[in-house]
Amino acid sequence: EMTCSVCQELFKDPVMTRCGHNFCRCVCEYWKGNTFSACPICRADSAISDLITNHTLRNIVDTYKKEGKKPKEESESVCSQHKKVLELYCLEDQEAICVICEKSRKHKNHEFLPIEEAAQEFKQELKESLKPLKDTQRKIAELKEKYRGNLSNIHDQADKTEKQIKEDFVKLHRFLHEEEKNLLADLKKEKKEKEQKMRAMEESIEHDLTSVSKIIKYIQQKIDEEDQIFLKDIRIQFQKVQRWYRGSLPLLLPRDIPAMSNIAVKTVEQLQNQKTNEKIEGTTENDLNLPNISTSCSKTKGNRASKLLKNILMTVTLDPNTAHPRLTLSEDLTAVTDGSTRRKDLPDNPERFDYCVMVLGSEGFTSGRHSWVVNVGNKTDWDLGVARESAKRKGEITLSPKLGYWTLVLRDGGKYSAGTDGWTRLKLEKSLKKVLVCVDYEAGKVSFYNADDMSHIYTFTDNFTEKIFPFFCPCYNSDGKNGEPLRIRP
């Protein structure tokens with residue numbers, strides 16, 4: 001009750017927040033490292049200007065400190081055999097002794113230290129053991145704040161999406177009312193599932209933080225004991241601390257945030273497209289075997305293939321929760337451009353690209369055939385293809401199948417490459433305006449075609465073991481010549 005929950009020490013200059021909880025003045029430093037000021041215990045809004053000095057609590061702590069410091073003559077322990085004050089510590093027998101014991105045969109030729117010096121050495125060893133514990137405590141607290149931030153983002157995005165759903169459906173006719181109800185139910189279910197996941201993570205972190213705090217408090221209490229009492233069972237205490245280190249401490253060390261995909265709540269467009277794509281499981285058309293289309297087919301055959309292609313193309317939209325903060329997505333989520341400036345209002349959720357200007361499709365797949373066409377226009381640089389769900393999204397990214405990316409690449413307006421390990425340069429007869437991407441999950445193939453004449457460009461052959469997503473990168477528009485969007489054709 002007299003320990004600050006922030007610094008884990010006895011209150012020093014205690015202050016009270018607006019919600020009634022007490023902390024040291026150190027809470028001001030704690031708030032400096034956070035985006036907003038909130039009570040560390042109940043998370044209620046607070047501010048430095050709201051803090052009130054708690055004089056009553058300060059007097060109680062001062063009284064406690066005075067009572068804890070007994071006069072030296074009252075607290076000194078004496079030798080049970082000679083009734084003399086214990087002034088020495090025998091290093092061989094690891095016990096406190098008096099000056100008469102020093103001259104006894106039992107302690108002949110032993111090494112001794114003054115009781116104060118021995119106690120100081122052992123206390124220093126315990127203090128050193130506190131350093132990794134406090135570092136662990138700090139890391140767990142930071143991890144807890146990060147998960148709490150993600151939970152807040154889930155609530156904010158869910159609220160915005162729910163509001164948009166309601167506003168959109170007010171404008172629709174009666175026959176859409178049932179669709180509105182279904183979408184809201186999907187959103188509620190998704191919000192509940194992801195909220196439960198984040199709360200479970202937070203509870204686990206809270207349990208770890210409590211365990212470490214108890215160990216720290218125990219060691220601090222031992223350090224504050226009188227020297228004689230402290231040394232009485234010092235080896236037992238050291239053994240207990242070592243057991244904690246070997247046993248529970250390795251389990252409490254914080255780990256990186258797991259690479260959970262789709263941690264953010266879907267937008268209205270994503271929810272709608274999810275229902276649409278559930279009905280499209282790929283094509284079973286035997287008339288269009290895309291990997292075998294000849295580059296020399298006639299214009300008539302090409303047109304016939306293009307018409308048939310329209311019937312098997314899947315609906316692809318972009319996932320704003322994965323988009324790099326520089327990217328600008330169209331309202332219908334089918335086009336992406338480099339926005340030149342980085343947005344600061346977007347959460348750094350685990351699935352978002354933070355270094356390369358990339359974005360994934362909203363829906364992935366684990367089976368079937370899937371195709372979509374991307375209009376690349378006159379862009380000078382771009383990357384297209386698919387990426388596996390666990391592929392790296394933070395920091396600099398190398399496009400390679402080994403790293404989970406199967407891509408077609410354009411650089412400098414005319415240098416086409418397949419994103420193999422080391423990249424493979426491709427020689428094309430003419431520049432691409434529209435690119436057809438075809439995936440056969442069971443066959444492990446990703447193929448690229450010129451969508452204008454259906455000529456084959458390149459095919460990757462691999463073994464897919466997890467969900468893969470459409471992948472898009474419009475590249476930077478640093479020279480002003482690459483400003484056109486990558487647009488997914490409906």
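This is a predicted model: local features need pLDDT of at least 70, side-chain atom pairs count only at pLDDT 80 or more; totals for chains, interfaces and linings use all residues.
**Figure 1. The loop between S13 and S14 holds Trp423, a residue with positive phi.** The hairpin of S13 and S14 has 5 residues between its strands, and Gly422 takes a positive phi near 95 degrees there. Trp423 is not a glycine, yet its phi is also positive, at about 65 degrees. Since the relative accessibility of Trp423 is 33%, this residue counts as partly exposed.

**Figure 2. Asn109 is a residue other than glycine with a positive phi.** Its backbone phi is near 65 degrees, and Asn109 is placed in the loop that connects helix H4 (99-102) with strand S6 (112-114). Asn109 counts as exposed because its relative accessibility, 73%, is over the 50% cut-off.

**Figure 3. Phe472 belongs to the residues with the most contacts inside the largest nonpolar core.** This core has 49 residues, and Trp372, Trp382, Val435 and Phe472 are those with the most contacts inside it. When its neighbours within four places in sequence are left aside, Phe472 is in contact with a set of residues that includes Val316, Leu318, Val357, Met358 and Val359, as well as Trp372, Leu486 and Ile488; Gly361 and Asp383 are also among its contacts. A second, separate core comprises 27 residues, including Leu126, Leu130, Ile205 and Ile234. In soluble globular proteins, nonpolar side chains tend to be buried together.

**Figure 4. The largest pocket contains about 1600 Å³ of space.** Its lining is made up of 40 residues, of which Tyr30, Ala141, Lys144, Glu145 and Leu209 are the closest to the centre of the pocket. Helix H1 (26-32), helix H5 (115-170) and helix H6 (177-223) each supply at least two residues of this lining, and H5 gives the most, with 13 residues. By residue class, the lining of the largest pocket divides into 11 nonpolar, 14 polar and 15 charged residues.

**Figure 5. Asp168 of helix H5 is shown together with Glu180.** The two residues are 12 places apart in sequence, and their C-alpha atoms are 8.9 Å apart in space. Asp168 is partly exposed, because its relative accessible area of 31% falls between the cut-offs of 20% and 50%.

Figure 6. The chain has 490 residues, of which 41% count as buried. Among the contacts between residues at least 6 apart in sequence, 64% join residues that are at least 24 apart.

Note on methods
Residues are numbered from 1 along each chain as its sequence is written. Side-chain values use heavy atoms; hydrogens and water are left out. Two strands pair if DSSP finds at least two bridges between them. Helices (H or I, at least four residues) and strands (E, at least two) are DSSP runs, numbered from the N terminus. A nonpolar core is a set of buried Ala, Val, Leu, Ile, Met, Phe, Trp, Tyr and Cys residues joined through side-chain atoms within 4.5 Å. Buried means under 20% relative accessible area, exposed over 50%, partly exposed in between (1.4 Å probe, protein chains only). Contact means heavy atoms within 4.5 Å. On a 1 Å grid over the protein atoms alone, a cavity is a set of points where a 1.4 Å probe fits but cannot get out, and a pocket is an open set with protein on both sides within 12 Å along at least five of seven lines; lining residues have an atom within 4 Å of a point. Grid points are joined across faces, edges and corners, and a volume is the space filled by probe spheres set on the points. Ala, Val, Leu, Ile, Met, Phe, Trp, Tyr, Cys and Pro count as nonpolar, Asp, Glu, Lys and Arg as charged, and the others, Gly among them, as polar.
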